Amino acid sequence: MTGDETGVELVDAELAGKAAPLVERLVADQAASKLAAQDATLWGPDAESEASIRLSWTSLHKSSRPLIGEIEALRTELQSEGVDRVVLAGMGGSSLAPEVIAATEGVALTVLDTTDAGQVADALAGDLERTVIVVSSKSGGTVETDSHRRIFAKAFTDAGIDAARRIVVVTDPGSPFSELSEKEGYRKTFLADPHVGGRYSALTAFGLVPAGLAGADIARLLDQAAAVAAVLGTDSADNPAIKLAAAWAAAHEGGAEKVVLADTGSGIKGFPDWAEQLIAESTGKLGTGLLPVAVEGPEAPGFADAKSDATPVAVGHPEGAAKISVTGPLGAQFLLWEFATALAGRLIGINPFDQPDVEAAKKAARALLDEPEKLSGKETPATVDGAVEVFGSEGVATDGKLVDVLRAFFGSVADGGYFAVQAYLDRLDDASTSLLRGEIAKRTGVQTTFGWGPRFLHSTGQYHKGGHQNGSFLQITGAVAEDLAVPDRPYTLGQLQHAQALGDGQVLAEHGRPVLRLHLTDRAAGLAELVRAVQEAGE
Ligand SMILES: O=P(O)(O)OC[C@H]1O[C@](O)(CO)[C@@H](O)[C@@H]1O
């Protein structure tokens, strides 16, 4: 197998041996060909009705072709008007794929999947004269995306620009956004195939429109998927999706429910961030599933020193501790991982197309937004150390200095558990926060994930609440220097961000999970103190 060839190698002989019977089972059940034929019975009777409206993604390499011309025409038209800066507002499946496509192709796409006022303000400060915003939401009701739409519409109008001409909508037929787009006369509405769920939508309008408008070669992407589609639908032990699904399920059976993802020179930029949502939202439910852990590279803690609770997977050629490697160009990998996840769902015994626990955090955030006094940011911390305020859920020790709190927190994780660092901050200006993942993993030897809030709520958030209940959660929130109003809404972005952190924290605590929230009253100073304390706590 060469680096460009699409394939899966089970590098670890022991894992390959354990996967073999599961490979045989999938082949005997004709699961791959049934999946390619969109057979909704593969996941049992309880999943059948949902699956029957969620399987069109297996043929998108054909059905999405007409989009290529439509997107190219709009791009040419916009460019002739001097509009060549593309901003994308979308959460989870409505932004993760186009971000990877654009990054891999080296084309500029500003992605807004945040409620951080500073990050949104920076996107607004770009050249609005040259900007088009793609507002992407399947449901047409996602609060973050609707807030971005409102904020940008007002900014265009304030700048004397016809906002309707600068808003492009991607949504499902009949959604509130599709109706709104018609009413407001937005530039163009791309209606996506409603029989594809968000995390399987990379090759629908959700992946292709923003990336294509930004200049990515989306025809090539579909060609890459088309080239591998027949193999993925074949009932053979050589089918890479069958191998990957069987290896994941065999590892899971043996107690390795974490899948540690590192790029090993695939040439694809940020693929683990996309795969995280696919794997976590699809499998993390009913107290079981696979926890994706996206890491910085094959040398990173968690991958290089993975223990028996984790399987290191290389995206690219096999390297270091990798037990599995997956190669191939981006379009092919999208389809391969989707097939593998759906097949793994069958082996693990869950419905890979619902996300039953996502709504709880949204509901808790909405309830908090109705009680603005709870969002004043003036809650009483259990402890204050420098620029860090400490809050803990019941049973989480909060006494002493920050380093003591962290030491107790790190010591409290159950065997085979995991830490999730969740930063409700600015993913660009506060980017260094992500270094905490490796620092914590290195010092504790425990698998550690990192997610930007609220982005991860639409990705790994499902697993945290629905998957194996062995996570400990470190939330980081920060002071908002300059808040942004959400036009015609009774809350600001800062309040929404705060409500999302508190709401998810509440739900996690209700699940009996330990939640430690550290609020940075000064982001830069607080972060520096936190990094020092993590280093000291792990000594
Ligand atoms: O495209 P929408 O409807 O805005 O949803 C965004 C994301 O939110 C989720 O529904 C989870 O909150 C994802 O499954 C989805 O990709």
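## The loop at Leu-286 and other backbone features

Leu-286 lies in the loop between helix H13 and strand E8; helices (H or I, at least four residues) and strands (E, at least two) are DSSP runs, numbered from the N terminus. The phi angle of Leu-286 is near 55°, a positive value in a residue other than glycine. Leu-286 counts as partly exposed because it has 14 C-beta neighbours inside 10 Å. By the criterion used here, a residue is buried if 20 or more other C-beta atoms lie within 10 Å of its own, exposed if 12 or fewer, and partly exposed in between, with C-beta atoms placed from the backbone. This is a predicted model, in which local features need pLDDT of at least 70 and side-chain atom pairs count only at pLDDT 80 or more, while totals for chains, interfaces and linings use all residues. Residues are numbered from 1 along each chain as its sequence is written.

A positive phi, near 60°, also occurs at Asp-488, again a residue other than glycine. Asp-488 belongs to the loop between E15 and helix H19 (493-510), and it counts as exposed, with 7 C-beta neighbours inside 10 Å. The peptide bond from Gly-453 to Pro-454 is cis, with omega near 0°. Pro-454 is placed in the loop between E14 and helix H18 (461-466).

## Overall dimensions

The protein chain contains 20 helices and 16 strands. Its radius of gyration is 22 Å, close to the 24 Å that the globule rule gives for 539 residues, so the chain is as compact as a globular protein of that length. The radius is taken over C-alpha atoms, and the rule is 2.2 Å times the number of residues to the power 0.38. Along the principal axes, the C-alpha atoms fill a box of roughly 60 × 55 × 40 Å.

Of the 539 residues, 59% count as buried. Among contacts between residues at least 6 apart in sequence, 76% join residues at least 24 apart; two residues are in contact if their C-beta atoms, placed from the backbone, lie within 7 Å.

The domain assignment gives domain 1 (7-31 + 235-348), domain 2 (64-222) and domain 3 (358-537). Such bounds come from an automatic or database domain assignment. The C-alpha centres of domain 1 and domain 3 lie 28 Å apart. Their contact takes 23 residues from domain 1 and 18 residues from domain 3.

On the side of domain 1 that touches domain 3, the elements that give two or more residues are helix H13 (271-283) and strand E8 (291-294). H13 gives the most to this side, with 4 residues. The residues of this side divide into 8 nonpolar, 7 polar and 8 charged. In this classification Ala, Val, Leu, Ile, Met, Phe, Trp, Tyr, Cys and Pro count as nonpolar, Asp, Glu, Lys and Arg as charged, and the others, Gly among them, as polar.

## The six-stranded sheet

An open sheet is formed by 6 strands in the order E11-E12-E16-E15-E13-E14, with mixed pairing; two strands pair if DSSP finds at least two bridges between them. Strand E11 (383-385) and strand E14 (447-452) stand at the edges, each with a single partner strand, so one side of each has no neighbour in the sheet. The twist averages 20° from one strand to the next.

Strand E13 (residues 418-424) pairs with E14 in the parallel sense over 6 bridges, and Ala-423 has Trp-452 in E14 as its bridge partner. Helix H17 (residues 435-444) lies across E13 and E14, running at about 165° to E14. Helix H20 (residues 523-537) packs on the sheet, touching strand E12 (388-392), strand E15 (471-478) and strand E16 (515-520), and its direction makes about 135° with that of E16. Axes are lines fitted to C-alpha atoms, for helices over the stretch in contact, and angles run from 0 to 180 degrees between N-to-C directions.

## The enclosed strand E16

E16 is largely enclosed by the rest of the structure, because 6 of its 6 residues are buried. In a regular strand the side chains alternate between the two faces of the sheet. Both faces of E16 are covered, with Val-515, Arg-517 and His-519 buried on one side and Leu-516, Leu-518 and Leu-520 buried on the other.

E12 and E16 pair in the antiparallel sense over 5 bridges, and Val-388 stands opposite Leu-520 in E16. E15 and E16 run parallel and are joined by 6 bridges; Gln-475 has Arg-517 in E16 as its bridge partner.
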